[in-house]
Amino acid sequence: MTEYFLEPASLAKRHRAERRYRLYGQLAIGLALLFLVLIFTSLIARGYGALQQTEMRLDIIFDKDVIGDGGIQADYQKLARNALSEIFPGVKNRKDKRKLYQLLSDGAGYQLGNSVQNDPSIIGARQSIWVLAADDVDMYLKGNVTEGLDESERRLNDRQIAWINALQEMGRLELRFNSRFFTLGDSREPELAGILGAMTGTLFTLLVCFALSFPLGVLAAIYLEEFAPKNWFADLIEININNLAAVPSIVFGLLGLAIFLSLLNMPRSAPLVGGLVLALMTLPTIIIAARAALKSVPPSIRQAALGLGASPMQSVFHHVLPSAMPGILTGAIIGMAQALGETAPLLMIGMVAFIVDIPQSIVDPATALPVQIFIWADSPERAFVEKTAAGILVLLAFLVAMNLSAIILRRRFERRW
Amino acid sequence: MLKKAFVSLAIAGAVFAQTGMAQARDQIRIVGSSTVFPFATAVAEKFGKTTAFKTPVVESTGSGGGLKLFCAGIGDEHPDITNASRRIKISEIEKCSANGISDITEVKVGYDGIVIANSKKSDRMALSLKDVFLALAKNVPVGEGKLVANPYKTWKDINASLPATKIEVLGPPPTSGTRDAFVELAMEGGCKAFPWIKALKKTDKKAYKALCHTLREDGNYVEAGENDNLIVQKLDANPKAFGIFGFSFLDQNADTLQGSLINAMDPSFENIADGKYPVSRALFFYVKKAHVGIVPGINEFLAEFTSEKAYGEEGYLTDKGLIPMPEVERKQFRADVGSMTSLKM
């Protein structure tokens with residue numbers, strides 16, 4: 001019968017349409033991959049520089065006349081300055097000296113201060129130490145300074161460049177691995193800025209967020225899916241939860257400001273409040289995902305449990321919930337990944353701030369990774385460009401790790417019927 | 001197993017709630033202007049690293065937002081210091097005193113120039129304030145007392161000595177303090193160059209303000225967001241465009257950008273410091289006297305900020321792009337901070 005209707009021309013046409021459709025699909029995927037590759041190459045090209053930092057080897061004399069007993073207030077920067085002057089004894093007048101000292105980072109002084117605090121016995125000794133060079137020197141070594149410009153248009157003048165070249169020839173200036181980026185908090189000096197503060201802040205915030213939104217979300221989903229009577233009120237709740245999932249995140253920030261900060265007097269800029277606000281935001285996502293996962297468990301499981309004498313609660317907690325867990329976890333982790341990237345609600349509760357100290361608990365002031373990226377992107381110093389890109393890479397690594405754990409969890413617990 | 005997990009989560013929640021109880025604050029909190037932010041953070045960091053006090057937390061909320069938080073009351077949950085890229089308004093002082101904050105110490109930090117810059121790939125422009133006003137105002141005067149919607153499309157239309165390129169200026173949005181200052185100093189400055197408009201100020205202040213303070217919205221002035229770095233990058237990509245931003249961004253990007261001359265003045269460090277460059281403004285911060293002695297370290301922080309090695313002629317803040325005040329003023333504000341002189345207006 002069918003052959004009767006199939007004219008060869010129409011068949012060829014349909015095959016062509018089929019091939020075209022596949023081609024469109026492949027093109028779409030190819031294009032998406034191309035953009036992804038573009039983003040990653042540009043980020044990595046910009047960001048890998050942050051893994052290296054220019055350091056300067058100086059013969060430091062821990063002079064007792066300069067630093068006294070090694071108190072926290074002492075002028076450690078002067079130790080580095082003296083050592084640098086020693087290398088260039090020809091630099092005498094005040095203005096030139098100032099230019100010379102600009103090659104040093106403020107971090108040099110902090111670094112020397114720390115070594116004295118850790119081991120006061122080095123006072124009076126002479127040591128060869130790698131200290132940080134200024135961000136302008138770093139940018140010059142990394143080739144981010146345009147050559148052939150008039151002196152007035154450069155951050156470094158001709159003499160400074162001559163000094164840098166001389167130091168390089170002496171083997172006293174080189175790019176070294178920048179572990180500070182992973183061990184320090186934020187700083188106004190690009191060479192001292194690290195991501196650890198923001199990472200800890202994000203971790204605390206997400207922990208609070210997960211600890212609240214996961215149990216609440218799962219319990220709400222179980223009740224709504226398994227126990228709640230089906231009536232207009234349940235429908236109303238369902239509609240509202242779906243709507244909540246689509247509310248712009250800044251609204252939750254305003255809510256957090258009004259309730260947690262103004263009414264409950266919780267501390268500003270704390271990961272605790274950040275976590276609470278983000279929990280409100282992720283709750284609907286988790287509820288929706290958990291309900292879908294519970295729904296996908298075949299009714300035969302429930303009926304079998306009930307038939308064997310289990311109470312409704314036992315049937316849910318012993319049989320349905322474990323089967324639905326992979327789906328619930330995936331939903332929860334997707335919700336958390338969404339929370340990971342949020343800055344808007346954090347703005348309202350004071351987490352968009354310059355914070356140097358690394359938070360020790362969930363009530364210490366902290367920022368989060370996306371906020372840190374934003375602050376760096378907004379800083380005038382050019383050396384922050386590579387920090388920004390490196391910060392984005394760290395954020396992406398966080399995201400990939402979370403998604404990967406979602407996949408692993410699902411693989412491990414998945415059960416098929 | 002699941003039950004256990006839930007119980008432990010509940011316990012964790014309870015512990016969180018316990019530690020969440022407010023405790024006395026041992027850390028200075030600063031809010032306010034995004035223009036002062038790079039300077040306040042530099043001082044905060046130095047202060048944290050060279051003293052036994054914790055590093056102050058600095059939030060960038062904008063001048064108006066900062067003063068709103070600052071004036072909300074006295075106590076741990078309110079900030080101690082707010083930065084502003086303009087002076088505090090009478091209305092804000094009234095709001096402060098309504099909330100019990102009667103003693104505020106005002107500290108001027110230094111100056112900031114606002115530049116109109118373009119890419120080095122194009123020629124440098126020499127503008128007068130009048131040119132700036134005519135290029136960017138929504139309505140411009142023709143003849144005596146008559147206004148028309150801004151008809152100028154190229155710079156040459158305004159002033160025959162300027163090039164015939166399209167007027168394309170990227171600048172900050174209305175929420176920005178930089179925009180407020182630009183409108184007040186540059187736009188109003190150019191506006192006043194017309195004698196009849198200057199006379200209008202006395203007779204009809206509202207009309208005067210509407211005329212002088214409104215930027216055009218027909219596409220020649222583009223609001224480019226609060227991020228000055230974004231404007232810098234866009235200028236590099238589009239050599240015909242101009243950008244409006246703070247001096248520190250020009251200072252950091254002097255190899256790719258050039259500041260236009262305004263009234264024949266180059267936006268250089270020296271010209272802004274001498275007050276010769278017409279578009280410059282003072283930066284401030286305000287301290288809540290009631291918090292001094294309660295929150296530890298405020299006095300020491302103020303001493304650090306007003307020290308010669310910070311806001312002085314060759315201090316570290318000038319490396320960040322701050323334009324220092326003359327010595328007399330620096331001394332005066334250092335003395336004010338020492339005695340915590342209250343603001344009187």
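Into which domains is chain A divided? In this predicted model, chain A comprises domain 1 (2-48), domain 2 (52-178) and domain 3 (196-413). The centres of domain 1 of chain A and domain 2 of chain A, taken over C-alpha atoms, are separated by 57 Å.

**Overall form of chain A**

The secondary structure of chain A consists of 18 helices and four strands. Its C-alpha atoms occupy a box of roughly 100 × 65 × 35 Å along the principal axes. The radius of gyration of chain A is 30 Å, whereas a compact globule of 417 residues would have one near 22 Å. Of the 417 residues of chain A, 40% are classed as buried. Among the contacts in chain A with a separation of 6 or more, 76% are made by residues 24 or more positions apart.

**Strand 10 of chain B**

In chain B, strand 10 covers residues 242-246. This strand is largely enclosed by the rest of the structure, because five of its five residues are buried; a buried residue has 20 or more other C-beta atoms within 10 Å of its own. The pairings of strand 10 of chain B are set out below.

| Partner strand | Sense | Bridges |
|---|---|---|
| Strand 4 (residues 104-119) of chain B | antiparallel | five bridges |
| Strand 8 (residues 169-171) of chain B | parallel | two bridges |

Individual residues can be located within these pairings. Gly243(B), in strand 10 of chain B, stands opposite Ala117(B). Phe242(B), also in strand 10 of chain B, is the bridge partner of Val169(B).

Methods:
Residues numbered from 1 in each chain as written. Chains lettered and ligands numbered in written order. Predicted model: local features only at pLDDT ≥ 70, side-chain atom pairs only at ≥ 80, totals over all residues. Domains from an automatic or database assignment. Rg over C-alpha atoms; globule rule 2.2 N^0.38 Å. Buried ≥ 20, exposed ≤ 12 C-beta atoms within 10 Å, placed from the backbone. Contact = placed C-beta atoms within 7 Å. Pairing = 2+ DSSP bridges.
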